[in-house]
Amino acid sequence: GGLLAYFHLRTLTRLPNIVSCSHSVANDLAQHGIISKVIQNGVNLESVQQGLNDAERREKRDLLGLPSHGVIFVFTGPLIRRKQPLLLIRHFLEYFPGTQTFLCIVGDGPLMRKCRKEANGSNQVLFPGFIKDVGPYLAAADIFVSAASAEGLPNSLLEALGWHLPVILSDIPPHREVLEINSSAGCLARNVGTTNLFSSFDENLLKEEAQQASGDIVNRILNARVMATQYS
């Protein structure tokens with residue numbers, strides 16, 4: 001891995017135009033003497049949806065076989081070490097034991113078996129597996145969560161914001177960069193290695209104002225239209 005990173009960075013120094021997908025990636029490259037232009041990732045506006053009301057959300061849940069009542073947190077992405085799904089499951093079960101609260105893990109990967117073991121058969125942790133179109137699961141959920149230890153500017157987060165989902169995110173530079181656009185869209189969980197990520201949960205995240213703030217981030221800035229104009 002270290003050798004590949006070395007050759008990757010050396011190759012970048014030979015390119016005339018370098019673009020970083022986030023300010024945090026640009027800052028990382030700058031530490032290696034590589035200057036890049038920042039063009040943030042953006043979600044396709046055609047896939048951006050309006051936030052659903054409770055009745056519409058229950059209908060989506062019924063179609064997917066998800067619990068019709070209670071709060072559903074959703075994670076989407078590969079089950080790999082960098083995404084820290086084991087930590088996410090452990091924190092969830094510690095914070096919401098025996099409640100009508102659910103964590104839906106949408107994805108697959110090398111840590112799937114360990115994730116199922118960590119869940120220990122709990123009916124509060126749901127494993128749909130790999131899903132080609134995660135949109136219906138985002139539509140059925142209440143809050144998007146990520147405990148990732150590193151990111152660029154994650155498309156999974158942008159897709160969730162496109163569905164007007166409020167978010168609870170680990171406090172890393174790319175997540176911070178997104179919420180700096182509209183802090184009402186969610187919260188950052190600091191020191192997730194020692195502090196439960198879900199302790200950042202606030203009932204206000206379930207309100208319409210938080211949903212509107214999430215949609216605002218992609219409607220104004222982190223969308224494909226804005227991204228494309230910066231490449232032209």
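**Exercise 1. Where is the place of His91? Work out, too, whether His91 is buried or exposed.**

*Solution.* Keep in mind that this is a predicted model.
- Step 1: His91 has its place in helix 4.
- Step 2: The relative accessible area of His91 is 6%. Buried means under 20%, so His91 is buried.
- Step 3: Now look for partners, leaving aside neighbours within four places in sequence. His91 is then in contact with Val192, Thr195, Asn196, Leu197 and Phe198.

**Exercise 2. Describe how helix 4 and helix 5 lie against each other.**

*Solution.* 
- Step 1: Take the axes of helix 4 (residues 85–95) and helix 5 (residues 112–119); they come within 9 Å and cross at roughly 10°.
- Step 2: Angles under 35 degrees count as roughly parallel, so helix 4 is roughly parallel to helix 5.
- Step 3: Find the residues that touch. Helix 4 brings Pro85, Leu86, Ile89, Arg90 and Leu93, while helix 5 brings Lys114, Cys115, Glu118 and Ala119.
- Step 4: Sort them by class: the contact of helix 4 with helix 5 has 6 nonpolar and 3 charged residues, and no polar ones.

**Exercise 3. In what order do the 6 strands of the open sheet stand, and which strands are at the edges?**

*Solution.* 
- Step 1: The order is 5-4-3-6-7-8, with parallel pairing.
- Step 2: Strand 5 (125–129) and strand 8 (186–189) each have a single partner strand, so one side of each has no neighbour in the sheet, and these two stand at the edges.
- Step 3: On average, and ignoring direction, neighbouring strands of this sheet are turned by 25° against each other.
- Step 4: Check one pair. Strand 4 (residues 101–106) and strand 5 run parallel and are joined by 3 bridges; here Val106 stands opposite Gly129 in strand 5.

**Exercise 4. Which strands pair with strand 6, and which way do the residues of strand 6 point?**

*Solution.* 
- Step 1: Strand 3 (residues 71–76) pairs with strand 6 in the parallel sense over 2 bridges, and Val74 stands opposite Phe144.
- Step 2: Strand 7 (residues 167–170) also runs parallel to strand 6, joined to it by 3 bridges; Val145 stands opposite Ile168.
- Step 3: From strand 6 (residues 143–146), Ile143 and Val145 point one way, Phe144 and Ser146 the other, and all are buried.
- Step 4: Follow the chain onward: strand 6, helix 7 (residues 155–162) and strand 7 make a right-handed β-α-β unit.

Note on methods:
Residues are numbered from 1 along each chain as its sequence is written. This is a predicted model: local features need pLDDT of at least 70, side-chain atom pairs count only at pLDDT 80 or more; totals for chains, interfaces and linings use all residues. Side-chain values use heavy atoms; hydrogens and water are left out. Axes are lines fitted to C-alpha atoms, for helices over the stretch in contact, and angles run from 0 to 180 degrees between N-to-C directions. Helices (H or I, at least four residues) and strands (E, at least two) are DSSP runs, numbered from the N terminus. Angles under 35 degrees count as roughly parallel, over 145 as roughly antiparallel, 65 to 115 as roughly perpendicular and the rest as oblique. Contact means heavy atoms within 4.5 Å. Ala, Val, Leu, Ile, Met, Phe, Trp, Tyr, Cys and Pro count as nonpolar, Asp, Glu, Lys and Arg as charged, and the others, Gly among them, as polar. Buried means under 20% relative accessible area, exposed over 50%, partly exposed in between (1.4 Å probe, protein chains only). Two strands pair if DSSP finds at least two bridges between them. A crossover is right-handed if, with the strands pointing away from the viewer, the path from the first strand over the helix to the second runs clockwise.
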